[in-house]
Amino acid sequence: MVKQVVTTICFVLFHCIISYWAFMSSCSIHSSPKISIIPAIARYFGTKGRYEDVNTYLIDDLLVTNNSLVTLPSSKCSEIHLTAIIRHGTRYPTSKNIQKMREFYDLVVRDATGNLNCLSEIKSQWKMWYTDDMDGRLVDKGRADHRHLAQRLIKWFPSLLTEDNVRNGRVKLITSSKHRCVNSTIAFREGLMKGLSIKVELEPAVNDALMRYFDQCERFVKEVENNKSALEEVKRFNEGPEMKRVMEKMADRLEVPYASITDDSVEAAFFLCAYEFTIHDLNSPWCQLFDKVDAQVMEYAGDLKQYWKRSYGHDINSKSSCILFHDLFHRLDQVVAQINSDGALSEAVTVQVGHAETLLPLLTLLDLFKDDIPLSSTNFATQKNRIFRSGNIVPYAANLLVVLYKCPEGIRMGARLNEKSLTLPGLADPVPMYEDVKKRYRALLEGCDQETVCKINNS
């Protein structure tokens, strides 16, 4: 009996040692910045993730379309209008995050004493190349994101994105004033011109009232943006047991005191891994400082922030997008009216380029990606199969495509997110009659007045 127990203990210890060695050795596997291999934790990068890691078929061919992911109406229907609301492409970190990354890099170089291969590589080969003036600017990869998206949309909607529509002003470009959005829009235009083999003047209009509505919604700014208590659940999670364990494991790997590692430290390390990959397609040594469980915790922390700051956490988050919601349906109504009167369409395609903060509240207003149980600081373990995953919803170049079709039975509407069909909540048909869509969102169409919902109640 004793012999059997000893044998069992030895077996368990052996496997623990092997597992530990495998993780530690992983720091030397794929750690060279010259090797382009997708990090094992890339799927957890959240809003810092690549578009092609959501649509993996694009990894081999950035111009391919996947018809199996889209539900179309009857072949007797014809597309008559497209509105595309798009997040900007891949960008540099903000200056605030660059500062956090620099501080963590300095700590590693100065204080870390671990003998991991990846740590040695960080100290001897990797240099802190991010500078404050990069501050959220679009990178070359981000321009490519939008050029390729434009070319794919030509394939998706060949009767709408046409030379005739472009030359006759029926294709409109609208953008946020932020440089990353303006440059994304310019890149989209380049892709459009290349795909159609034309050169036409097509100037984007800057409209922050639509694309940065959140800045102009006083109630949102007061109750959420400038209110620390609005993100209390995020703070609690960052101080909770799951994040504490990630911090302890990071300190152990670096062989630094636990007090040296904060939630900002591990976030900075996670950003270093994510940005090296999304910007330069590199599986950097920073990625080897996290295992899968660590990455899941980091992803949840990011999702919690998006949930409470931009989505279902507070009612004003989604209501702040009322102006964009009404802009969309007003345009669709105009198209339907023109079709019904046999008039010429004034807008075949409208492309609006903004931010993750532009898209996420609107998707929330439409009641999409809503879990039965709200995300909180205490339910990480039970939310592993959640619907709300910001990396799947709003990666770089995320897009909401709203399409109107003229069918024998009337006008139908289709919606796609990131080139995949969406079934709107409460509507069984993936391409419902447009009037049924309006009935579903009647309360919002009749209310949801931007001035009213954003007004601060001082009483």
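**A tour of the fold and helix α6**

The protein has 19 helices and 7 strands (DSSP runs of H or I with at least four residues, or of E with at least two, numbered from the N terminus). This is a predicted model, in which local features need pLDDT of at least 70 and side-chain atom pairs count only at 80 or more, while totals for chains, interfaces and linings use all residues. Residues are numbered from 1 along each chain as its sequence is written, and side-chain values use heavy atoms, without hydrogens or water.

Start with the whole chain. Along the principal axes, its C-alpha atoms fill a box of roughly 85 × 55 × 50 Å. Colour by burial next: 55% of the 459 residues count as buried (under 20% relative accessible area with a 1.4 Å probe, protein chains only).

Now select residues 179-196, helix α6. This helix has 18 residues and reaches 26 Å from its first C-alpha to its last, close to the 26 Å expected at 1.5 Å a residue (1.5 Å times one less than the number of residues). Show its side chains: the buried ones include Arg-180, Cys-181, Phe-188, Arg-189 and Leu-196.

Step past the end of the helix to Ser-197, which follows α6 and has a positive phi, near 55 degrees.

Finally, zoom out again. Of the contacts between residues at least 6 apart in sequence, 80% join residues at least 24 apart.

Methods:
Buried < 20%, exposed > 50% of the residue type's maximum accessible area, 1.4 Å probe, protein only. Contact = heavy atoms within 4.5 Å.
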